[in-house]
Amino acid sequence: MKTLLRWLFTLVVLLALLLVGPVWILASNQVVTEGHWSSLDRSSAGIAPDPAAISEAVVQVYSARAYNWRGAFGEHIWIATKAENADSYRLHQVLSWRRPTVVSSIDTPDRAWFGNPPTLLADYRGDAAAQLIPKIESAAADYPQADLYRVWPGPNSNSFIAWVIREVPDFEVTLPVTAIGKDYIFNGILAPAPSGTGYQLSLGGVAGIMLALEEGIEINVLGLSFGIDVMRPALKLPGIGRLGMPARVASGEL
């Protein structure tokens with residue numbers, strides 16, 4: 001009986017520690033939780049290059065806090081591509097309210113995500129981007145769970161992004177620790193880290209560990225991750241994200 005109580009107490013303490021960050025994010029009003037989705041900011045952040053001003057191919061990856069209360073726990077990530085001489089961007093992402101969930105459509109690449117501003121995670125230009133685009137489109141079309149969406153532990157929008165990154169050679173992106181679902185591995189329990197600089201072991205996205213030069217050490221417990229980045233010193237906490245140096249923005253130009 002004492003052993004059972006000890007395990008229950010440990011579990012309660014662990015859950016409390018994992019939820020401290022998300023609760024603080026909500027309490028400090030760092031995510032938009034009020035207002036109808038149709039009235040929330042979806043304007044451009046002015047990060048993406050104007051397709052009317054440049055002819056080169058572009059591949060960018062953005063993240064922003066998820067819609068409403070879910071933003072206290074995690075982020076939504078999408079890929080924006082512009083082919084050489086194209087006059088618009090195409091966004092590749094998974095949307096929970098669509099079936100199939102995968103959507104590749106012409107849109108503004110750096111829009112706020114329902115009130116939450118975007119952050120640039122990767123920026124590929126020129127021949128490097130041109131070589132990536134058809135591979136990204138092919139991987140998006142082959143996504144194995146286009147008819148299934150689970151907020152936790154996946155597959156969700158971040159599971160899709162991690163899938164595409166792993167499927168496309170030379171497309172290396174360091175995903176934020178708050179990208180819940182990125183640790184959901186479709187085939188087996190071992191996979192390369194999204195940055196391509198290490199590996200991760202994951203049990204259905206519920207528990208696992210990642211060891212990589214770019215991501216550092218990340219431990220996943222119940223879908224929430226925490227860890228430490230050694231290369232660019234920072235603590236990585238559930239809900240809060242990075243405390244320290246910002247992550248490197250992946251880039252390439254040939």
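**Entry 1: strand pairing.** I looked up strand S10 (residues 224–229) and found that S10 pairs with S11 in the antiparallel sense, over three bridges. The model is predicted, so I kept to local features with pLDDT of at least 70. Four residues sit between S10 and S11, and the two strands form a hairpin. Across this pair, isoleucine 228 stands opposite leucine 235 in S11.

Next I followed S11 to its other partner. S11 and S12 pair in the antiparallel sense as well, over four bridges. Here leucine 235 stands opposite leucine 243 in S12. S11 and S12 form a hairpin with three residues between them. In that turn I noted glycine 239, with a positive phi of about 80°.

**Entry 2: faces of S11.** Which side chains of S11 are buried? I found that Ala234 and Lys236 point to one face and are buried.

**Entry 3: nonpolar cores.** I then listed the largest nonpolar core, which has 30 residues. Val59, Val164 and Phe171 have the most contacts inside this core. S1, S2, S5, helix H2 (126–141) and H3 each give two or more residues to it. A second, separate core has 13 residues, among them Leu40, Tyr62, Val103 and Trp113.

I took a closer look at valine 164. Neighbours within four places in sequence aside, valine 164 is in contact with Ile79, Ile136, Ala139, Ala140 and Phe171.

**Entry 4: largest pocket.** How much space lies in the largest pocket? I read about 590 Å³. The largest pocket has 28 lining residues, and Ala66, Trp69, Arg70, Tyr149 and Val151 lie nearest its centre. Helix H1 (2–27), strand S2 (75–82) and helix H3 (157–167) each supply at least two residues of this lining. H1 gives the largest share, three residues. I sorted the lining by class and got 20 nonpolar, six polar and two charged residues.

**Entry 5: second largest pocket.** The volume of the second largest pocket is about 500 Å³. I found 23 residues lining this pocket, with Ser63, Glu75, Thr119, Leu121 and Pro176 nearest its centre. Strand S1 (58–65), strand S5 (119–125) and strand S12 (241–244) each supply at least two of the lining residues. By class, the lining of the second largest pocket has eleven nonpolar, seven polar and five charged residues.

Notes:
Residues numbered from 1 in each chain as written. Heavy atoms only, no water. 1 Å grid on protein atoms, 1.4 Å probe; cavity = no way out; pocket = protein on both sides within 12 Å on 5 of 7 lines; lining within 4 Å. Points joined across faces, edges and corners; volume = space filled by probe spheres on them. Nonpolar A, V, L, I, M, F, W, Y, C, P; charged D, E, K, R; others polar. Core = buried A, V, L, I, M, F, W, Y, C linked by side-chain atoms within 4.5 Å. Buried < 20%, exposed > 50% of the residue type's maximum accessible area, 1.4 Å probe, protein only. Contact = heavy atoms within 4.5 Å. Pairing = 2+ DSSP bridges.
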